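These are my notes from going through one structure, entry by entry. I wrote down what I looked up and what I found.

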Amino acid sequence: VKNGRKSADSRSIRTISSSHMDDESSLGSDSEINGFTNDRHTDKYGFIGGAQQYSEESAQDVPPEVLRQREVKWLDMLSNWDKWMVKRHKKVRLRCQKGIPPSLRGRAWLYLSGGKVKREQNRGKFEELDSQAGDPKELDVIEKDLHRQFPFHEMFVSRGGHGQQDLFRVLKAYTLYRPEEGYCQAQAPIAAVLLMHMPAEDAFWGLVQICEKYLPGYYSAGLEAIQLDGEILYALTRRVSPLVYRHLEKHKMEPILYMTEWFMCAFSRTLPWASVLRVWDMFLCDGVKIIFRVGLVLLKCMLGTREKLKACQGQYETMELLRAIEPRYMQEGFLVREVLEVPVSERDVEREHHVQLKRWRKNRGELHCKSPPRMHGARAIMASEPPSRQDLRQNPTIIVESPLPPPQPTPQLKKGEKSKEEKSKKKGSMKKAPTVMEIPNPYPLAGDPQRDPQLPLRDPQLPLRDPQLPLRDPQLPLRDPQLPLRDPMPTLRNSTVQQPLVNDTPLPNTPEDSPPPHQPTLNDQSLLTVSPLQKSTQSLSSIEADQDTYL
Amino acid sequence: MAKQYDVLFRLLLLGDSGVGKTCLLCRFTDNEFHPSHISTIGVDFKMKTLEIDGIKVRIQIWDTAGQERYQTITKQYYRRAQGIFLVYDITSERSFQHIMKWASDVDEYAPDNIQRILIGNKSDEEEKRQVATGQGNKLAKDYGMDFFETSASTNYNITESFTRLAEQVLAANKKDLDLLRASVTDELNLAALEEEEGITDGAAASQKGCWC
């Protein structure tokens, strides 16, 4: 009843930037039930207030043309994920560093984290966990946290709203999945960030991957892993910024004082939202070293000069400073550049881990909680759990018929076909694809002379609104007919629901006769045929029963 | 420059997750109440200066995450405190039952002369009450603590309870305090007695806003 209604931050709700994104706010979202109907501006991330909201100072906008190009590149990577990860991993990393296009971020995160593979290999698991009751003690703690995650995000602002419901389902499912681990409070913000980008089942597997691969032990009883990482951060500070190290040492600033929330929430509560997203793009690609580097950058920026230290003589003054980081140091572009320059590699983290673990054992005995080894990023995760081609397949929720007639001969349409974009850039294993027929864009942008060669894709589950998108309804995704068929495996199981959007042309493959996993011959030209079907997808509620994914 | 304070000490807020520790603190230090706030992860603190019997008392109040597993972290701060708030939520029987566990942890990890006070928060939510005022009173009496029912939302008994604990801490350190009265220039840093930390005046600290 009270939550949000008399928001203490109402002032900032009214005065947020008059950005052109504001009018993209969705109608009928939960936040309206909660008293924010009037005078409410939703930023492009879904925030209606609070310190993490979009501001021109904190974010750098990417020109629409660049965004379109990136979307095309990411679509190509996602449809050939295994090859890209194995053969052109550096390029994947570079693109993560540049920022994943918002429309594809959720899907990219799920692929990077290995959540996609986990989900495919455990079909039905989430549903099963979701239907179980859960331990009342855990549920009690979870329930108390539901309204305390991103209360200024439209998805989570309403008590009992869909965001909080999904958060409950995801967190509860985790306690059932790992009863020995149970719920840890810092998992809630992690799950909430994921839920802003993907449906509950996907967010669950994303959470599983973060808890078990990226940050193993962080959320386990005893919280040993986070304390150990505090020591590692401290040791790395000594190397990266001796001045800061000496200051922290002098004032007995234990790392857990300032880094617990930073690390356990992967900075999702600390940085302006544009920066959170960029940090997560890099974190999910490269692992925990990114978190260490962000921590080191913030420490160095806030405490790195003698003048700053002079004005900050004491433990409490230091802590105050670290709790109120100057916006310019958290600005998206600045932060990413700085993070990329911190000379801390995976090996440095591992080496320091080894040293600190030894110290820990000497001073405090064996660790009580045996966590699985930490995986440093997407490639390591993929290597540890090799996916089949089937696991990486993208399954559209709904396939929409193209307004255009299909190309005449539609012979061997097979799985695993390639996209046509980027053909000029492909090299090595990525063979050239045939030229794509030029197809007029049925949804031209306002200022478009004729057609936009690369209209963006919308990720239907994405709660964010892209200002460049011509569609008003944020739930309605758009597929550019020029983009090739992403998934030759139509999953039209509940096609009746989607009439008249559904193309009911018989399709060559059904899920039952899918080909064997991943053959290296998939680059064969014959497989690169343009699809006869120009597909489009449409968002369905994540609750929709047998829709297992989205495109 | 005039002295910022005469005495500096630390208080600690303990209690189950969701009982309202952060909101009590925000109400006390900034006189604000945020219905939309986030859960506390790790430890946090705020400062406030009170005047008690003509003595300027600067208190650092440490706020802690309530979930049990965070205790491995928060326990490290028990021993540095001079006073502790044990907080439960009058609408949660479970949070009240857990007070015994919190109290025994304090006995185990906090200094001997630590001052304690029992707080039953959310007194404005009378219709959801699960713990009678009498139960709170009785428990407090059994433990030899003072007891307040409070509401951060309506600002009921907030200053009273914080001031009471501060007075108790002052009384418990009367000897040091008398020494202070004898000298005019020095300030008394109770917080620094246990550990030689270079705590200087917190003028900069007091000007910042609320973190919750």
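**Entry 1. A salt bridge inside chain A.** I began with Arg119(A) and Asp202(A), whose side chains meet in a salt bridge with 2.5 Å from N to O. For a salt bridge I required a side-chain nitrogen of Lys or Arg within 4 Å of a carboxyl oxygen of Asp or Glu. This pair links distant parts of the chain: Arg119(A) sits in helix H7 (residues 115–121) of chain A and Asp202(A) in helix H12 (residues 200–214) of chain A, 83 residues apart. Helices (H or I, at least four residues) and strands (E, at least two) are DSSP runs, numbered from the N terminus. I looked up burial next, and found both Arg119(A) and Asp202(A) buried. Buried means under 20% relative accessible area, exposed means over 50%, and partly exposed lies in between (1.4 Å probe, protein chains only). The two residues also belong to a network of salt bridges that links Lys116(A), Arg119(A), Glu120(A), Arg123(A) and Asp202(A).

**Entry 2. Ground rules.** I noted that this is a predicted model, in which local features need pLDDT of at least 70 and side-chain atom pairs count only at pLDDT 80 or more, while totals for chains, interfaces and linings use all residues. Residues are numbered from 1 along each chain as its sequence is written, chains are lettered from A and ligands numbered from 1 in the order in which they are written, and side-chain values use heavy atoms, with hydrogens and water left out.

**Entry 3. A second pair in chain A.** I counted salt bridges over all chains and got 38 by this rule. Another of them joins Arg239(A) to Asp348(A), with the closest N and O atoms 3.5 Å apart. Here helix H13 of chain A carries Arg239(A), and helix H22 (residues 346–364) of chain A carries Asp348(A), 109 residues apart. Asp348(A) counts as buried, because its value is 13%.

**Entry 4. Chain A as a whole.** I found 24 helices and zero strands in chain A. Of its 551 residues, 63% are buried. Contact means heavy atoms within 4.5 Å. Among the contacts in chain A with a separation of 6 or more, 79% are between residues 24 or more positions apart. Chain A exposes about 21800 Å², and carbon and sulfur atoms supply 53% of that. Accessible areas come from the Shrake-Rupley method with a 1.4 Å probe; for residues, only the protein chains shown count as cover.

**Entry 5. Asp281(A).** I picked Asp281(A), which lies in helix H16 (residues 273–286) of chain A. It counts as buried because its relative accessibility is 0%. What does Asp281(A) touch, not counting residues up to four places away in sequence? I listed Cys96(A), Gly99(A), Ile100(A), Arg105(A), Trp109(A) and Leu112(A). With Arg105(A), the side chain of Asp281(A) makes a polar contact of 2.8 Å. A polar contact is a pair of N or O atoms within 3.5 Å; within protein, one must be able to donate a hydrogen and the other to accept it, and residues adjacent in sequence count only if both atoms are side-chain atoms.

**Entry 6. Between the chains.** I turned to the interface, where 50 residues of chain A are in contact with 45 residues of chain B. The area buried between chain A and chain B is about 3900 Å², 52% of it from carbon and sulfur atoms. Buried area is the accessible area (1.4 Å probe) that two parts lose on being put together, summed over both. Across this interface the rule finds three salt bridges. One of them joins Asp44(B) and Arg323(A), with the closest N and O atoms 3.4 Å apart. Asp44(B) is classed as buried because its relative accessible area is 12%, whereas Arg323(A), at 27%, is partly exposed.

**Entry 7. His34(B).** I ended with His34(B), in the loop between helix H1 (21–30) and strand E2 (43–52) of chain B. His34(B) is buried, at a relative accessible area of 15%. Its side chain joins that of Glu32(B) in a polar contact of 3.1 Å.
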